[in-house]
Amino acid sequence: MNPDIVTQYLPYFAQGALVTIRIVFTSIILATILGYLVALMRRSRNKLVSGIAATYVWVFRGLPLLLSLFFFYYALPQFGIQFDAFTAGVVAMTLNSAPFFSEIIRAGLNAVPKGQLEAATAIGMNPVQVALRVTLPQTVRLMLPPYINNCVIMLKESAQVAVITVPDLMFQAQRAYNATFSPLETLGIAGIFYLALTSIVMTIQVVVERRLRVHPIR
Amino acid sequence: MIEVTGLNKSYGTTHVLKDVDLTVARGEVVTIIGPSGAGKSSLLRCLNLLEVPDSGTLSIDGRDIVYTTNRHGRLTLRNQFALTKLRSDVGMVFQGFNLWPQHTVIKNVMEGPMVVKGVSRDDAKKRAIEILDSVGLADKSNAYPGDLSGGQQQRVAICRALAMDPTVLLFDEPTSALDPELVGEVLDIMTALATGGTTMIVVTHEMKFAREVSDRVVFMEAGRIVEQGPPSEVFEKERIKAFASGLSH
C-alpha cells in the first residue's frame, strides 16, 4: 500500500464520485418519471397505448445497459444525433431503468384496495386529492424497498458509463490504475467510494422505512 | 329530498336496474331489502354516482344531478370534479368499512372535512372528538384501523361520514361483513341516528332493523322495486314474508 498514490489521486476520485452522483441522480429522477408514465400507460384501456408501453418495457428490460450506452453514444451520430458522453449516459441509463421502475410502480398502484379509493371518492375528494391523499401514501410504502433496491443497482451499473468516456468514479479509477499499475491504491479506493455511496442510499431506505411504518388493515 | 326517476343500469348484458323510481323525504329512514342480485347496492351506489346509471334522472336536495359518461361508461374527468360537491353532501358507509389504514382513527374522521371542505385542523379535530365520543370510541382516537375489531371499524366509518355533516346517509350492507356478536353495536348507532332525524337509506339483510327502525321498506327483486310502504304493511305481504323467513332460517 503506497499512501502517496492514494493522496495523489484522491482529488480525481472525488471529482469522479461527483460525476457518478450527478449522472445517477439525474437518471433516477428521469427514470422514475418515465416509469410512472409507462405504468399509467400500461393500465390504459386503450390497446394501442398499453401496447406501446408493454413493448417498450419488453425491449429495454431485455437489453444490456452497455449495449444502450454504445448505441446512444456511437451509433446515433450516424443518424445525425450527437449526444455528449454525459447526456448519452443519462439517456441510456434512464431508458434501461425506467421499465423496472414502471413495474414497481404498477405493482404499487394495483395494490391499493378499490374500496379505499371509493371511500375517498364518496366523501367528495376529486381525482387529484384521491391520488395524493390515498393512492400515493400507500403506494410509497409498498414501493419503497424495491424502489431503493433498484436505485442501488443503478448506482453500481453507472460504472459502465466509463466506457463511453464519462469521467465518473470508475473512469478515474481506471485512469489511475493505468498510470500506476497499483490496483489496491486505485481500484481499491474506488471500491470504498462506491461502497460508501451505496451505503448512504441504503441508510436513507432504513430511515424512511422507519418513519413510514405500515399499519396493515385487518 | 331525493328523487330518482326511470333509473336504468346494465353491466354488459345484465340489466340490474330497470326503470327504478324512488323518492325519499327529508328525515325519512328507508331500508332497501331483497334477494342478492336484486340491484339494491347498485341503486344505492347510483345515488352518489359511484356507479353511473345508463339513463334516468337524479335530484338531491332540489338540485338535478347532471352526469355524462365517456365511451367506457365512466364519468368524464370534468364530471368527476363537478360531482365532488354532491358527494360531500351524501355520506356513505360501506360493507367493508374501507377505512384508510395509513391514518389513525381520528385522522380518518378529520380527513374529509380538512381535504374536501377546507376545515382547519383544530376545528376538524374538535368535531372528530365529539363524534367519536358519541359512538363511544373517543379512547380509540389514536389507534390504527388495523388494531380495531370489525364493529369498531364500522363505527369509525360512520363517524367519518358524519363528520361531513351530510344531508343524507347511505348504508351499503353495513353489518354484512361483521361477526354476529358485533352487529348489535353498529345497529345501535344507526338506530340512534334514525331516531335523531337523519335521512338514511339502508341496504340491509337485518329484517329486525327494517321492521322496527325504518319509516319505509322498499323490496327489490330482479332490478325492480316490487313493494314499498310502511314496514307494518310490507311485511304482511306473502312474497316478503317468504323472503324474510328464508333469511332467518
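This is a predicted model: local features need pLDDT of at least 70, side-chain atom pairs count only at pLDDT 80 or more; totals for chains, interfaces and linings use all residues.
Chain A has eight helices and zero strands. Chain B comes to 10 helices and 10 strands. Its radius of gyration is 18 Å, close to the 18 Å that the globule rule gives for 249 residues, so chain B is as compact as a globular protein of that length.

**Chain A overall**

- The elements of chain A, read from the N terminus, run α-α-α-α-α-α-α-α.
- Along the principal axes, the C-alpha atoms of chain A fill a box of roughly 70 × 45 × 25 Å.
- Chain A has 218 residues, and buried residues make up 43% of them.
- Take the contacts in chain A between residues at least 6 apart in sequence: 75% of these join residues at least 24 apart.

**Chain B overall**

- The C-alpha atoms of chain B fill a box of roughly 50 × 45 × 30 Å along the principal axes.
- Of its 249 residues, 55% count as buried.
- Among the contacts in chain B with a separation of 6 or more, 65% come from residues 24 or more positions apart.
- Chain B exposes about 10600 Å², with 47% supplied by carbon and sulfur atoms.
- Chain B has 27 positive and 31 negative side chains. The centres of these two sets lie 6 Å apart.

- A:R22 lies in helix α1 of chain A, which spans residues 3–42.
- A:R22 is exposed, because its relative accessible area of 51% is over the 50% cut-off.
- A:R22 and A:D168 are 146 residues apart in sequence. Their C-alpha atoms are 9.3 Å apart in space.
- A:M170 sits in helix α7 of chain A, residues 169–180.
- A:M170 counts as partly exposed, because its relative accessibility of 26% falls between the 20% and 50% cut-offs.
- Beyond its neighbours within four places in sequence, A:M170 is in contact with A:A159, A:A162, A:L187 and A:Y194.
- A:M170 and A:F193 are 23 residues apart along the chain, and their C-alpha atoms are separated by 9.9 Å.

- Helix α1 of chain B, residues 40–47, is mostly covered. Seven of its eight residues are buried.
- The buried residues of α1(B) are B:K40, B:S42, B:L43, B:L44, B:R45, B:C46 and B:L47.
- After α1(B) comes B:L49, which has a positive phi, near 60°.
- B:S59 is found in strand β4 of chain B, residues 55–60.
- B:S59 counts as buried, because its relative accessibility of 13% is under the 20% cut-off.
- Leaving aside neighbours within four places in sequence, B:S59 is in contact with B:M1, B:I2, B:E3, B:D64 and B:I65.

**Cysteines**

- The disulfide count over all chains is zero.
- A:C151 is buried, with a relative accessible area of 7%.
- B:C46 is buried too, with a relative accessible area of 1%.
- B:C46 is also one of the buried residues of α1(B).

Note on methods: Residues are numbered from 1 along each chain as its sequence is written. Chains are lettered from A and ligands numbered from 1 in the order in which they are written. Side-chain values use heavy atoms; hydrogens and water are left out. A disulfide is a pair of cysteine sulfur atoms within 2.5 Å. Buried means under 20% relative accessible area, exposed over 50%, partly exposed in between (1.4 Å probe, protein chains only). Helices (H or I, at least four residues) and strands (E, at least two) are DSSP runs, numbered from the N terminus. The radius of gyration is taken over C-alpha atoms; the globule rule is 2.2 Å times the number of residues to the power 0.38. Contact means heavy atoms within 4.5 Å. Accessible areas come from the Shrake-Rupley method with a 1.4 Å probe; for residues, only the protein chains shown count as cover. Lys and Arg count as positive and Asp and Glu as negative; His and the chain ends are not counted. The place of a charge is taken as NZ of Lys, CZ of Arg, CG of Asp or CD of Glu.
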